[in-house]
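Reader: Could you walk me through this model and show me how to read its features, one at a time?

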Amino acid sequence: MLDLQSRQRSRTANQPVEADPGLGARVPSMARIYPFRALRYNPSRVRIEDVVTQPYDKISPSMQQAYYQRSPYNLVRIILGLPELFDQPLAIDSRAAADVYSRSARDFAEWRAQGILYREKDPCIFAYSQRFAVASALTPDSRDAILERRGFIALGELSDYREGIVFRHEQTLAKPISDRLSLLRATRAHFGQIFMLYSDPAQTVDRLLFGNDAEASADLEVVDEFGVLHRISRISDPATINLLSAAMEDKKLIIADGHHRYETALEYSRERVPEPPSSTERNSHAMPQPPYPEAAVMMTFINIDSPGLVILPTHRVVFGLKDFSTVRFLERAETFFDIESLTATDPEGLLARLAPARASRTAFIVATAEGRYLFTLKTDAAVDALKSIPDRQRQLDIVRLHTLVLEKLLGITPEAIREQRNVHYHREPAEALEEIATGQADLAFLVNPVTLDQLREVAFAGDVMPQKSTDFYPKLLSGLAIYALD
């Protein structure tokens, strides 16, 4: 199998790169990474476990309340502040921050002035490892083994998707981009990292970062609410950073997690291009720097060829359908699917029934108030219905679910899905089934996870999967390092 770079070189060798006028005259031809003087929580003023959070889009209302109670300096107060009584609404296309964003900017400035946050003396990067277990209730592929995922935190230069350096794999939603852009304009800082994948079969980067000592001491250790051990180590040696920068230059990057934040940062960088555009010095004696602060965003880079990469399924819940009937739905679904009524009702039993079915054809579990059903695709019957879908996407279970079931059988438009009018998402199958049990939803769909091979094939073809197609586990903690633009 071709490695990640070889696939891309063969695809784009004869394709010209288009310049993006919004990013200035210089068009990057390779992945560029930079050390930075990170803002970090002061461990003499706060307990780190009380102030770091999951990424903003994984923070449920109950988690938000719990974070608020942990510490007056918990990062949730900045990245996902609770609204207050007299807050003004924020128009989608307005640049004026509503009160929630103003409070974020105020708190961020005060925490810096008070020494809650301090700035690193020297530019650095951070080796980052996560040790974790995946419960079998989350995915049928897990065996409760202890895994470790390794990478590093640095700035990564932003580039338009057309430049063939950074590749997306999922559609985005309008509302999260508007929200994150308002926060970025108000605070001028990035509080979480974009999760980037690159290919390095020889493990060159890992050896630079970690050497042969898997248990090397860390500058910071924290266990999150899911039992994941996060460890980061500061690296400020210019020679090591320059070697790392050189090792990453020929890499192609896939956004694993953080599509909304990447596109937000890209939009903001276009707003802030200096006149005339700056340039960056890159030589063996100087630490590399981005051409201007907004031209880069904080990223965590993970080798796609190393162990520890886990993709969980993201289950779908459908709600708000007019006059929904399980009987009529099942009758219509028989056009495309073989349907088996199941006796299992618990998440573990349902996922155990689902996993073997995907070996031969598309399958997913459907739950309604009347029962649980295994749907397996009648491949020949679906040919015409799927013929407008690009070939690589046509093979994906999640695309077949969206096209055949959500759109054709239930009549939910792609626009409604993007605007989250009838569909929302759960990592935990039990949470999806609970919405059926309590009458909050009409249907729940438990699905198999997308594979890494499927993800990179789709990304490098320039295609995109439906929203929330992948859930990389564990998440990268927000607040381990902060990139302040001022």
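Reader: Let's begin with burial: is R456 buried or exposed?
Author: The general idea is a cut-off on relative accessible area: under 20% is buried, over 50% is exposed, and partly exposed lies in between (1.4 Å probe, protein chains only). Here R456 is buried, with a relative accessible area of 9%. D453, with 34%, is partly exposed. Two reading notes: this is a predicted model, where local features need pLDDT of at least 70 and side-chain atom pairs count only at pLDDT 80 or more, while totals for chains, interfaces and linings use all residues. Residues are numbered from 1 along each chain as its sequence is written, and side-chain values use heavy atoms, with hydrogens and water left out.

Reader: What do the side chains of D453 and R456 form together?
Author: Side chains of opposite charge can pair when their charged atoms come close. A salt bridge is counted when a side-chain nitrogen of Lys or Arg is within 4 Å of a carboxyl oxygen of Asp or Glu. D453 and R456 form one, at 3.3 Å from N to O. They sit three residues apart in helix α17 (residues 452-460), so about one helical turn separates them. Elsewhere, salt bridges with shared partners tie K58, D257, R427, D471 and K475 into one network. As for the element names, helices (H or I, at least four residues) and strands (E, at least two) are DSSP runs, numbered from the N terminus.

Reader: Now helix packing. At what angle do α6 and α9 pack?
Author: Axes are lines fitted to C-alpha atoms, for helices over the stretch in contact, and angles run from 0 to 180 degrees between N-to-C directions. Angles under 35 degrees count as roughly parallel, over 145 as roughly antiparallel, 65 to 115 as roughly perpendicular and the rest as oblique. Helix α6 (residues 174-187) and helix α9 (residues 259-271) pack at about 50°, their axes 9 Å apart, and are therefore oblique to each other.

Reader: What kinds of residues make up the contact of α6 with α9?
Author: Contact means heavy atoms within 4.5 Å. Ala, Val, Leu, Ile, Met, Phe, Trp, Tyr, Cys and Pro count as nonpolar, Asp, Glu, Lys and Arg as charged, and the others, Gly among them, as polar. The α6–α9 contact has six nonpolar, two polar and six charged residues.

Reader: How do α11 and α16 cross?
Author: Helix α11 (residues 347-354) and helix α16 (residues 429-437) have axes that come within 10 Å and cross at roughly 110°, so α11 is roughly perpendicular to α16. P347, L350 and L351 of α11 make the contact with P429, A430 and L433 of α16. These residues are six nonpolar, no polar and no charged.

Reader: Let's finish with the backbone. Which peptide bond is cis?
Author: Most residues other than glycine have a negative phi, and most peptide bonds are trans. The bond from Y473 to P474 is cis, with omega near -5°. P474 is placed in the loop between β20 (471-473) and β21 (483-484).
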